[in-house]
Amino acid sequence: MQKPNYGFDAPAIMRNMIIFGIIIQIIGLLIPNFTENIMLLYLSYLVILGGVILLILGTSMYIYGIYGKFRMRDFILSKIIWKGNENVLDIGTGRGVYMINAAKHLTTGKSIGIDIWRAEDLSGNSIENAYLNAELENVRDKIEIRNDDARKLSFADNSFDVVLSMFCIHNIDDKAEQEKACLEIARVLKPNGRAMIGEWIPTHDYAKYFEKAGLKVINSKQYFSTAYSLMWMVEVVK
Ligand SMILES: C[S@@+](CC[C@H](N)C(=O)[O-])C[C@H]1O[C@@H](n2cnc3c(N)ncnc32)[C@H](O)[C@@H]1O
């Protein structure tokens, strides 16, 4: 029987970190065979260290893809006290890992995923694969998927009880545009609604944008031991 597949985040970056991490370590290990210059010998240690760091980062992205993503998803969804009637929005849903598992907590509510499906951000990233995963997880009737940009959401103000967004907003290059995406989250959240935004990078800037928009920041901190990878998350209430 076919199983759901939620893909690997930034697959080319993950692969390149692993490959170059190994190559750079080999170069560092070979340097002493060609020179007795003390500076170059010290440099070889630095080169090896650089390779080790790259390999650790690449491997942690792989481990996140097979374990951490699901531990983090379960941790985040367990923070909501579900009634079953919630409207949930997953921004940058990709293959739907958050949208689909939020839908499993719903009875009358709806879980909506939006994305622009950038191939470089997630392996096998497509709306078809998100629908396929929803079918395989038996939640097709509780989800809806839209082509929508995080910076200009096609939803009315105060539409959602829960807004989630994992590893999406950092893909927007410009800081001002990232702020726009945070303001959109603030806009579509219902009063007392909760948003959780996860990233590879610290989320403190997002926390400032949410505060500026009048939301209460519950926390903005790292979750490395849950994700088995670089992971920060900001949690806010409107
Ligand atoms: C690293 S993937 C993560 C996907 C999913 N949240 C997960 O955890 O598996 C980032 C997602 O954000 C989407 N994305 C990037 N920029 C976006 C934007 N401006 N609006 C909506 N989605 C965007 C990408 O297409 C991709 O699906």
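**Figure 1. Leucine 89 of strand β1 faces its bridge partner in β4.** The bridge partner of leucine 89 in β4 is valine 163. β1 (residues 87–91) and β4 pair in the parallel sense, over 3 bridges; two strands are taken as paired if DSSP finds at least two bridges between them. Helix α2 (residues 38–77) packs on the sheet and touches β4, β5 and β7 (232–237), and its direction makes about 160° with that of β4. Such angles run from 0 to 180 degrees between N-to-C directions, with axes as lines fitted to C-alpha atoms, for helices over the stretch in contact. Helices (H or I, at least four residues) and strands (E, at least two) are DSSP runs numbered from the N terminus. The model is predicted, so local features need pLDDT of at least 70 and side-chain atom pairs count only at pLDDT 80 or more, while totals for chains, interfaces and linings use all residues. Residues are numbered from 1 along each chain as its sequence is written, and side-chain values use heavy atoms, with hydrogens and water left out.

**Figure 2. β1 and β2 belong to a right-handed β-α-β unit**. The unit consists of β1, helix α3 (residues 97–103) and β2. Right-handed means that, with the strands pointing away from the viewer, the path from the first strand over the helix to the second runs clockwise. β1 and β2 run parallel and are joined by 5 bridges. Isoleucine 91 has isoleucine 114 as its bridge partner in β2. Of the 5 residues of β1, 4 are buried, that is, under 20% relative accessible area; exposed means over 50%, and partly exposed lies in between (1.4 Å probe, protein chains only).

**Figure 3. The open sheet has 7 strands with mixed pairing**. Their order is β3-β2-β1-β4-β5-β7-β6. β3 and β6 (216–222) stand at the edges with a single partner strand each, so one side of each has no neighbour in the sheet. On average, neighbouring strands are turned by 15° against each other, direction ignored. The protein chain as a whole has 7 helices and 7 strands, in the pattern α-α-β-α-β-α-β-β-α-β-α-β-α-β along the sequence. Of its 238 residues, 47% count as buried.

**Figure 4. Threonine 203 lies in the loop between β5 (189–199) and α6 (204–212)**. Threonine 203 counts as buried, at 0% relative accessibility. Its side chain makes a polar contact of 2.9 Å with that of serine 220. A polar contact is a pair of N or O atoms within 3.5 Å; within protein, one must be able to donate a hydrogen and the other to accept it, and residues adjacent in sequence count only if both atoms are side-chain atoms. Beyond its neighbours within four places in sequence, threonine 203 is in contact (heavy atoms within 4.5 Å) with Ile197, Ser220, Lys221, Trp232, Met233 and Val234.

Figure 5. The structure holds 8 aromatic pairs. Rings of Phe, Tyr and Trp (its six-membered ring) pair if their centres lie within 6.5 Å; planes under 30 degrees apart count as stacked, over 60 as edge-to-face and the rest as tilted. Tyrosine 6 and phenylalanine 70 form a tilted pair, 6.1 Å centre to centre with 55° between the planes. Tyrosine 6 is buried, with a relative accessible area of 5%, whereas phenylalanine 70 is partly exposed at 23%. The ring centres of tyrosine 64 and phenylalanine 167 are 5.2 Å apart and their planes stand at 90°, so this pair is edge-to-face. Ring pairs link Tyr64, Phe167 and Trp200 into a cluster.

**Figure 6. Tryptophan 117 and asparagine 158 have positive phi values**. Most residues other than glycine have a negative phi. Phi of tryptophan 117 is near 50°. This residue sits in the loop between β2 (110–115) and α4 (127–136) and is buried, with a relative accessible area of 12%. Phi of asparagine 158 is near 55°. Asparagine 158 sits in the loop between β3 (143–147) and β4 (160–166) and is partly exposed, with a relative accessible area of 39%.
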